[in-house]
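Here is a friendly walk through one protein chain. Have the sequence and the 3D view open side by side as you read.

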Amino acid sequence: MESRGSVPARPPSYEGVWRFTAPAVDASVPQARHAVRDLLRRQAVPASPDVVQGLLLIVSELVTNAVRHAALLSPQLAVEVAVEAGWVRVAVEDNHPYRPKALEADDARTGGRGLLLVREITREAGGVCDVQHTAGGGKIIWAAMPL
């Protein structure tokens, strides 16, 4: 009897990495959010509605931060969505060298809570987030959440 080697399983069709760029302007915030939502639907990513809502809020916060704080040195930003077995990761990259820190909540402030919100959404979903420097001197802020 001849034995056949096992064929490696193909990754699910929803797995992959998608990246797009946008100008660092206010209009890019809803455009990025809608692009990510549409991508998740088109690829039939098996994410719960809560995970999708969390990811879309994270994309909105990260793109907003890039527009508000990095546009002067980074007129373009990039959004990346990576989906692999059991995880989805969203990232926003800009060319500004400043590495933001999560600010403590201050009830007197009207802003400055975006990264805290990103960290909280990610942590509640059982995920992780971080900031990394790029080779070109900019940064990537990303969040990964389990599907």
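The report below goes from the overall layout to the sheet, the helices and the core.

## Ground rules

This is a predicted model, in which local features need pLDDT of at least 70 and side-chain atom pairs count only at pLDDT 80 or more, while totals for chains, interfaces and linings use all residues. Residues are numbered from 1 along each chain as its sequence is written, and side-chain values use heavy atoms, with hydrogens and water left out.

## Overall layout

The protein chain has three helices and five strands. Both kinds of element are DSSP runs numbered from the N terminus: helices are H or I with at least four residues, and strands are E with at least two. Along the sequence, the pattern reads β-α-α-β-β-α-β-β.

Of the 147 residues in the protein chain, 40% are buried. Here buried means under 20% relative accessible area, exposed means over 50%, and partly exposed lies in between (1.4 Å probe, protein chains only).

The five strands form an open sheet in the order 1-2-3-5-4, with antiparallel pairing. Strand 1 (16–23) and strand 4 (128–133) are at the edges with a single partner strand each, so one side of each has no neighbour in the sheet. From one strand to the next, the twist averages 15 degrees. Two strands count as paired if DSSP finds at least two bridges between them.

Strand 4 pairs with strand 5 (residues 139–146) in the antiparallel sense over six bridges. To find this pairing in the viewer, look for Asp-130 opposite Trp-142 in strand 5, and for Val-128 opposite Ala-144. The hairpin of these strands has five residues between them, and there Gly-137 takes a positive phi near 95 degrees.

Touching, or contact, means heavy atoms within 4.5 Å.

## The nonpolar core

A nonpolar core is a set of buried Ala, Val, Leu, Ile, Met, Phe, Trp, Tyr and Cys residues joined through side-chain atoms within 4.5 Å. The largest one has 35 residues, of which Leu-40, Ile-58, Val-63, Leu-77 and Val-81 touch the most other members. At least two residues each come from helix 1, helix 2, strand 2, strand 3, helix 3 (114–124), strand 4 and strand 5. Helix 2 gives the largest share, ten residues.

Leaving aside residues up to four places away in sequence, Leu-40 touches Val-45, Val-52, Leu-55, Val-81 and Val-88.

Which residues of helix 3 are buried? They are Gly-114, Leu-115, Val-118, Ile-121 and Thr-122. Seen down the axis, these buried residues fall within an arc of 125 degrees, so they line one face of helix 3. The arc is taken from the directions from the helix axis to the C-beta atoms.

Their cover includes helix 2, strand 4 and strand 5. On the face turned away from the buried side, helix 3 carries the exposed residues Arg-123 and Glu-124. Just after helix 3, Gly-126 takes a positive phi of about 85 degrees.

How values were computed:
Axes are lines fitted to C-alpha atoms, for helices over the stretch in contact, and angles run from 0 to 180 degrees between N-to-C directions.
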